[in-house]
Amino acid sequence: MQQLTDTEADVDKNRVFELAAELFGILSTPTRLRILNALCDKEKSVSELLAEIQTTQPNLSQHLNLLYRAGVLAKRKEGTQVYYRVQSEQAVALCRTVCTQIAIELDEPGGVPNSDRLSPRRP
């Protein structure tokens, strides 16, 4: 019976790692991080996001759609405008934590020991 429990634990661990990798993959592009940053405080229309994020409309729409399908963003339609907002505050908190740490490392290159760095590159 112990072996069955170990097997179940391995399956659960594997599922955790798979889902974590999926989330990191979703958050793995600078454009998606910019989108989350732009939507942290309030919902915005696609045109507002386009004015804020330097990319093409088709590219922005692709990223928004992926974030929406993943449950990171929510959307609503008002007339011809589509508005996006953060759905997963946890995903935003994760991004904010990582980006803040990397910003500290860039701002204070010698102030963060190599063993405590998240960024793999030295600025």
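Arg76 stands opposite Tyr83 in β3, a pairing taken from a predicted model in which local features need pLDDT of at least 70 and side-chain atom pairs count only at pLDDT 80 or more, while totals for chains, interfaces and linings use all residues. Residues are numbered from 1 along each chain as its sequence is written, and side-chain values use heavy atoms, with hydrogens and water left out.

The strand β3 covers residues 81–86 and runs antiparallel to β2, to which 6 bridges join it; two strands are taken to pair if DSSP finds at least two bridges between them, and the elements themselves are DSSP runs numbered from the N terminus, helices being H or I of at least four residues and strands E of at least two. Glu78 has Gln81 in β3 as its bridge partner, and in the hairpin of these strands, with 2 residues between them, Gly79 takes a positive phi near 65 degrees.

The open sheet as a whole contains 3 strands in the order β1-β3-β2, with antiparallel pairing. Because β1 (44–45) and β2 (73–78) stand at the edges with a single partner strand each, one side of each is left without a neighbour in the sheet. Helix α4 (residues 57–69) packs on this sheet and touches β2 and β3, its direction making about 115 degrees with that of β2; contact here means heavy atoms within 4.5 Å, and axes are lines fitted to C-alpha atoms, for helices over the stretch in contact, with angles running from 0 to 180 degrees between N-to-C directions.

Helix α4 also packs with helix α2 (residues 30–39), at an angle of about 70 degrees and with the axes 10 Å apart. The two helices are therefore roughly perpendicular to each other, a term that applies to angles of 65 to 115 degrees. Thr31, Arg32 and Ile35 in α2 meet Leu60, His63, Leu64, Leu66 and Leu67 in α4, and by class this contact has 5 nonpolar, 2 polar and 1 charged residues.

Helix α5 (residues 89–107) gives the most to the lining of the largest pocket, with 5 residues.

Technical notes
Parallel < 35°, antiparallel > 145°, perpendicular 65-115°, else oblique. Nonpolar A, V, L, I, M, F, W, Y, C, P; charged D, E, K, R; others polar.
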